[in-house]
Amino acid sequence: MSYMICKQATDRFGPFCICNIEHFLLFYFVWLLLLIFPLLNFAEVLKELLHGFPNLAMTTDLSCTTALHTAAAQGHIDVVNLLLETDSNLVKIARNNGKSALHTAARMGHLEVVRSILSKDPSTGLRTDKKGQTALHMAVKGQNKEIVLELLKADISVMSLEDNKGNTALHIATKKGRIQNVRCLLSVEGINVNATNKAGETPLDIAEKLGISQVVSMLKELGAFNSKDLGKPPNPAKQLKQTVSDIKHEVQSQLQQTRQTGFKVQKIAKKLKKLHISGLNNAINSATVVAVLIATVAFAAIFTVPGQYVEDKTEGTSLGQAHIAKNPAFLVFCVFDSLALFISLAVVVVQTSVVVIEQKAKKQLVFVINKLMWLACLFISVAFISLSYVVVGQKSRWLAICATVIGGSIMLTTIGSMCYCVILHRMEESRLRSIRRESRSGSYSMSMVSDHEVLDSEYKRMYAL
């Protein structure tokens, strides 16, 4: 479809001069398409565009990037060939940083693109960017030794060209630790293995400083020397300047990495916060369901007592009175069943009436509701146990005692464990708060506690409220 639209546009307008605003807008639109299509590798569409508007191949964006730069960076060889057939002078256009399409292709490791560009203009390999680097300097930073050989084949003199810091391609390959590229450069006859950069370092000096034993042995086999052995001791001022420059780059790299790590931590923290809020909401909903369940059971229990109720009025009784009303166990049952009922109803009222938005307030609400539910569960358990003494009778009192021991043990163990977890969690929160407070006042080294530890403690997978 895009192909047909472009063909109709070129058939209708053809090559033209930008003489009015309509033509300018169409020209700008087609130029944008020309920069975008190399990313998508729509060679046929691009062919139609260039057929109608051949001058667009030479257009650039604000950074002086042409469509050839884009295609070379992506490795789209069909698009590169098409652009070079349209205008071979494209290879001479450099971006604002001085890098040509050959620089880009060499750095990205696109061998066929490098071959295509060199076939149009072999001298492009000698062009330097604003750092004084050639395409060979860029190529040796990568992993593709075939590109290195291709650039040397085009013009072997490029091997001795230095960048603004006096580094040859051999210096760069050694500094980057690209052993294959170093071996490839050393295989070329006439290479100067003792070239000295502006810091007074030879490739052997760099290899020994970085501890790359393979490169050291290869250089020594070809007669490489240290700068001091050549009678050219390193310039202290230049060495200091180089060291400062390296430290600066290292610090900038570390800062960039720290920023990226910070962004990732913030992103993870946001996700964990959502999960935390979701967990609080689930706890609130669960508490509401349990409160309704306990209230229902407690309400029904008072009207379904064993022994039923008095139906015929007699002396000392009243109609509707439970036959076991005077039993002490029944009195205990009434008290604790009522407590369980009204506590559960209070929780239901709060849950259906209060809307909490802020996370800290929601956490406090869950804490209070959970403690009330603990009491409701404990009271309903006492009510059950007390009523069991009435149900089993005098002869089977041991069954009620067993129920008391079993139920009491389970409930006390459960609530005791939960209390322990709550206290442990509170102590951990208190410790983290004191760490943050002391770190803000500058009296505590944050190196003692990692971000991961703080994040892991703040958003645990499971904790008791």
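**Chat about a helical model**

Trainee: Where is Lys 92 found?
Mentor: Lys 92 sits in the loop between helix H5 (77-86) and helix H6 (101-108). Keep in mind that this is a predicted model.

Trainee: Okay, and is Lys 92 buried, exposed or partly exposed?
Mentor: Lys 92 has a relative accessible area of 45%. Exposed would need over 50% and buried under 20%, so Lys 92 counts as partly exposed.

Trainee: Which residues is Lys 92 in contact with, leaving aside its neighbours within four places in sequence?
Mentor: Asp 121 and Arg 127.

Trainee: And how many residues apart are Lys 92 and Arg 127 along the chain?
Mentor: They are 35 residues apart along the chain, with 8.7 Å between their C-alpha atoms.

Trainee: Let's zoom out. How many helices and strands are there in the chain?
Mentor: The chain has 18 helices and zero strands. It runs to 465 residues, and 38% of them are buried.

Trainee: What share of the contacts with a separation of 6 or more comes from residues 24 or more positions apart?
Mentor: That share is 69%.

Trainee: Then at what angle do H9 and H11 cross?
Mentor: Helix H9 (residues 145-154) and helix H11 (residues 179-186) cross at roughly 25°, and their axes come within 9 Å. Angles under 35 degrees count as roughly parallel, so H9 and H11 are roughly parallel to each other. H9 passes H11 in a right-handed crossing.

Trainee: Which residues meet there, between H9 and H11?
Mentor: From H9 you have Lys 145, Val 148, Leu 149 and Leu 152, and they meet Asn 181, Cys 184 and Leu 185 in H11.

Trainee: Switching to rings: how many aromatic pairs does the structure hold?
Mentor: One. The rings of Phe 336 and Phe 379 have centres 5.5 Å apart and planes at 55°, so the pair is tilted.

Trainee: Which helices does the pair link?
Mentor: Phe 336 is in helix H15 (residues 328-353) and Phe 379 is in helix H16 (residues 359-392).

Trainee: Is Phe 379 buried or exposed?
Mentor: Phe 379 is buried, at 16% relative accessibility.

Trainee: Last one. What lies over the face of Trp 374?
Mentor: Lys 371 does, at 4.5 Å from the ring centre.

Terms used:
Residues numbered from 1 in each chain as written. Predicted model: local features only at pLDDT ≥ 70, side-chain atom pairs only at ≥ 80, totals over all residues. Heavy atoms only, no water. Phe/Tyr/Trp six-rings, centres within 6.5 Å; stacked < 30°, edge-to-face > 60°. Helix = DSSP H or I, 4+ residues; strand = E, 2+ residues; numbered from the N terminus. Buried < 20%, exposed > 50% of the residue type's maximum accessible area, 1.4 Å probe, protein only. Lys NZ or Arg CZ within 6 Å of the ring centre and 35° of its normal. Axes fitted to C-alpha atoms, helices over the stretch in contact; angles between N-to-C directions. Parallel < 35°, antiparallel > 145°, perpendicular 65-115°, else oblique. Left-handed = near helix turned anticlockwise from the far one by under 90°. Contact = heavy atoms within 4.5 Å.
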